[in-house]
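Please walk me through this structure in running paragraphs, starting with its open spaces and moving on to its sheet and its rings.

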Amino acid sequence: MIIYKAADYHDMSRKAANIISAQIIMKPDCVLGLATGSSPVGTYKQLIEWYEKGDLDFSKVTSINLDEYKGLSPDSDQSYRYFMNNNLFDHINIDKSRTFVPNGLESDARKACNDYNNIIANSGGIDLQLLGLGHNGHIGFNEPGEAFEKETHCVNLTESTIEANKRFFASEADVPRQAYTMGIKNIMQAKKILVIVSGESKAAILKEVLYGPITPAVPASILQLHNDVTIVADEAALSLIPQ
């Protein structure tokens with residue numbers, strides 16, 4: 001596991017974008033596992049900037065997103081498909097037919113999950129998986145529990161996740177209570193994993209993830225077992241880590 005310390009969110013975003021850019025340049029037809037939320041916004045902005053300068057070509061890239069709210073249409077401005085279009089896909093030359101997000105409108109959870117597992121398998125595997133880190137240690141929407149969920153599944157969101165996400169909705173009541181998410185096995189099968197973490201509020205959970213026991217109570221702790229993980233975190237997030 002490699003840990004890069006960034007000065008702040010902007011520096012973290014730039015460093016993460018550098019790693020993703022290197023993957024695209026080394027393998028133009030790579031498969032990127034992408035994340036949503038506030039953490040990767042700066043990284044996506046930097047990738048767009050380099051694309052606009054002519055430094056990056058996304059035309060052969062395939063993307064597979066971690067998760068999507070169950071029940072939201074892709075056209076909903078709170079859906080993760082909308083987020084990805086707005087924050088990345090609409091601004092680069094990626095082929096949108098090769099950008100995948102779970103189908104939030106599929107009411108049959110088993111079908112939705114099987115379909116997504118097949119998409120991941122048919123892609124040939126994820127070359128680089130980008131992850132944020134939830135305050136409770138979740139990655140994707142893999143919430144703390146009694147066992148690691150292996151593949152794509154429907155999850156009931158915890159109160160802490162609903163609380164963290166309600167700022168994006170008109171009210172807490174509007175936050176979906178379920179989501180489709182890649183499982184731990186899907187994530188761990190990625191060839192390379194890149195985790196971005198920012199802010200003092202993530203310091204305690206980041207320390208637990210890196211140095212605590214491997215337990216489904218802290219889903220991201222499983223990353224200790226992956227052979228190619230890079231953490232890019234700012235000084236605040238790393239404030240409890242021994243230097």
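The largest pocket is lined by 26 residues, and those nearest its centre are Thr 36, Gly 37, Leu 133, Gly 134 and His 138. A pocket here is an open set of points on a 1 Å grid over the protein atoms alone, with protein on both sides within 12 Å along at least five of seven lines, whereas a cavity is a set of points where a 1.4 Å probe fits but cannot get out; lining residues have an atom within 4 Å of a point. This is a predicted model, in which local features need pLDDT of at least 70 and side-chain atom pairs count only at pLDDT 80 or more, while totals for chains, interfaces and linings use all residues. Residues are numbered from 1 along each chain as its sequence is written, and side-chain values use heavy atoms, with hydrogens and water left out.

The space in the largest pocket comes to about 510 Å³, where a volume is the space filled by probe spheres set on grid points that are joined across faces, edges and corners. Helix H5 (residues 159-165) gives the largest share of this lining, 4 residues; helices (H or I, at least four residues) and strands (E, at least two) are DSSP runs, numbered from the N terminus.

Among the residues that line the largest cavity are Leu 32, Phe 58, Leu 88 and Ile 94, and its lining divides into 9 nonpolar, no polar and no charged residues.

Tyr 69, Tyr 80, Phe 141 and Phe 169 are linked by ring pairs into a cluster, a pair being two rings of Phe, Tyr or Trp (its six-membered ring) whose centres lie within 6.5 Å, stacked if the planes are under 30 degrees apart, edge-to-face if over 60 and tilted for the rest. The structure holds 5 aromatic pairs, and one of them, between Tyr 69 and Tyr 80, is tilted, at 4.9 Å centre to centre with 40° between the planes. Because Tyr 69 lies in strand E4 (residues 67-69) and Tyr 80 in helix H3 (residues 80-87), this pair ties together parts that are 11 residues apart in sequence. The rings of Tyr 80 and Phe 141 have their centres 6.0 Å apart and their planes at 15°, so this pair is stacked. Phe 141 lies in the loop between strand E6 (128-131) and strand E7 (153-156), and its pair with Tyr 80 in helix H3 therefore ties together parts that are 61 residues apart in sequence. Tyr 69 is buried at a relative accessible area of 1%, as are Tyr 80 at 10% and Phe 141 at 3%; buried means under 20%, exposed over 50% and partly exposed in between, with a 1.4 Å probe and protein chains only.

The sheet comes next. It is an open sheet of 7 strands in the order E1-E10-E9-E6-E2-E3-E5, with parallel pairing, where two strands pair if DSSP finds at least two bridges between them. Its edge strands are E1 and strand E5 (99-100), each of which pairs on one side only.

Within this order, strand E1 (residues 2-6) pairs with E10 in the parallel sense over 5 bridges, and Ile 3 has Ile 231 as its bridge partner in E10. Strand E9 (residues 192-197) is also joined to E10 by 5 bridges, the two running parallel, and Ile 196 stands opposite Val 232. All 6 of the 6 residues of strand E10 (residues 229-234) are buried, so E10 is largely enclosed by the rest of the structure.

Conventions:
Nonpolar A, V, L, I, M, F, W, Y, C, P; charged D, E, K, R; others polar.
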